[in-house]
Amino acid sequence: MSERYTRLFTLPGSLYAQGSPLIILAGALLKDNQTGRVLAQLKLKNVGTKSVKAVKVSVTPLDSAGMENGQPVEHPYLDLHAARDGEFGQKEPIPFPDPTTRAFRGAITQVVFTDGSLWGPAEGAWEVLSPSRPLESVLRDQELCKEYQIQYGANCRVFPREEAGLWQCACGAWNRQEEESCHACGKNLDQLKGFDLEQLKASRDARLAREQQAMAAQQAAASQAAPAAPSKGNRPQWLIPGIAALLVVLIGGGVFFVNRGKPASSGSSASGGGTQSAASDDSGSAAGGDDTQSAASGDSGNSGTATAASPVDTLCNFIREEGEIRDRVDFPAFPIYYEDCYVYEKTMDSGVKYFFLADEEDNDLLWFHAQWPVDSNMEVTLFYNWEEGFISFMPTVEVTSNSGSKTSYILRGSVDIADYHANMDVTPSSVEEAETGAEAPEYTQPLTKSCTSLMHFSILRLSELCEEVGISMDDLGFINFENPVID
Ligand SMILES: [Zn+2]
């Protein structure tokens, strides 16, 4: 086994104590297989209004029974320049003296602001925040999500919420309770709270009716002018309403906070013949491909996500040049299909077939799909969401029980591109039976290995493609792809 680090534990969610200027977005316990050391890593986010220059945390080691396993370890983060919304800490190891440590509790004990003032410790406990809820998981209808974005802004991605003295805007940004409007995008909290589902449904229905009328008129005009102009539907077409929610399954402890502006291409919904609602256009909104207007309002696009970084463009252009265009590609496990796309396909000596798929013009998502020879019944589909910086995966694995019966399981999850390393474990966030859709949590453990190796397989193919194209994995946002940055 050559993997250097094994992940032993992950914090159950983001941690927050009322009044704190920082959130502990995520945390993991890693075992260094070379030295036997066990270390923690925390990812912190400044949700206060002042810039931060130093932070002290206290991390309490726990044993495998969850009992305290020695004294808390104090750790300083120094020489920071963490402005509001800034994230840091994720590359800094916090070693534990006792290698039998298997979990930990974390708390921030002191924050030093750039102006010299101090905060901490918190009066209350550090508790797990409830997870962010992507719009799709709440509204469960693509057209309803679109309507929400029409009403509240193109950058809406999560359902707003108030918790522990903070509120999270629909754009993903965290605000203080005393702030009436989002500091990042200016949306007003009261307006967001005034959300009315019935009203939203009514305006969606009215819009769809208008769009259908317009489409019918257009088709009538077109059929007089020329025989059947092919309808253009570049985007993946959802076969199951609400599936987009699955794609965002846990965008992860903290890749939120991106003020997105997307290229316009609206209007082409209801391809394939004008179905009323969800099953139409617009997969993308979940994962970052929504087709609303470009950057609404005065978002300064602060957090610097590379929307169309040139290496990504280079990669997609390569696929378009070297690949072949196809009318339709199905992803059985997801399940969606993609129309009018470019596919760059290869077959390995082992018989494994795989391809990269690029949209005709949109570079935000890159799809990968691999299928093993029939007898192994394994396949993996994933996509790289460059803009949001994560990889969403969904492998299907067949398991043979002691009695010889075979069952296929679908694993779902996602990982942060910047945090992905070639030797990390990849844990699915959910496992279900392919046929029944029933949850199968008891299989999570054994299937994690398959998930990890399928993920590595996929990303290895990407790194080969990068080599072929002449760009590096770092260019694509994989930071120190070969080795995590831990001494
Ligand atoms: Zn906002």
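Mentor: In the protein chain, 62% of the contacts with a separation of 6 or more are between residues 24 or more positions apart; two residues are in contact if their C-beta atoms, placed from the backbone, lie within 7 Å. This is a predicted model, in which local features need pLDDT of at least 70 and side-chain atom pairs count only at pLDDT 80 or more, while totals for chains, interfaces and linings use all residues. Residues are numbered from 1 along each chain as its sequence is written.

The protein chain has seven helices and 23 strands; these are DSSP runs numbered from the N terminus, with at least four residues (H or I) for helices and at least two (E) for strands. The part to look at is strand β21, residues 390-400. Eight of its 11 residues are buried, that is, 20 or more other C-beta atoms lie within 10 Å of their own, with C-beta atoms placed from the backbone. For the protein chain, 40% of the 487 residues count as buried.

On one side of the sequence is strand β20, residues 379-385, which pairs with β21 in the antiparallel sense over seven bridges; two strands pair if DSSP finds at least two bridges between them. N385 has F390 of β21 as its bridge partner. Four residues lie between the two strands of this hairpin, and G389 in the turn has a positive phi of about 80 degrees.

Strand β22, residues 406-416, also pairs with β21 in the antiparallel sense, over nine bridges. Here E398 stands opposite S408 in β22. This hairpin has five residues between its strands, and G404 in the turn has a positive phi of about 95 degrees.

Key:
A residue is buried if 20 or more other C-beta atoms lie within 10 Å of its own, exposed if 12 or fewer, and partly exposed in between; C-beta atoms are placed from the backbone.
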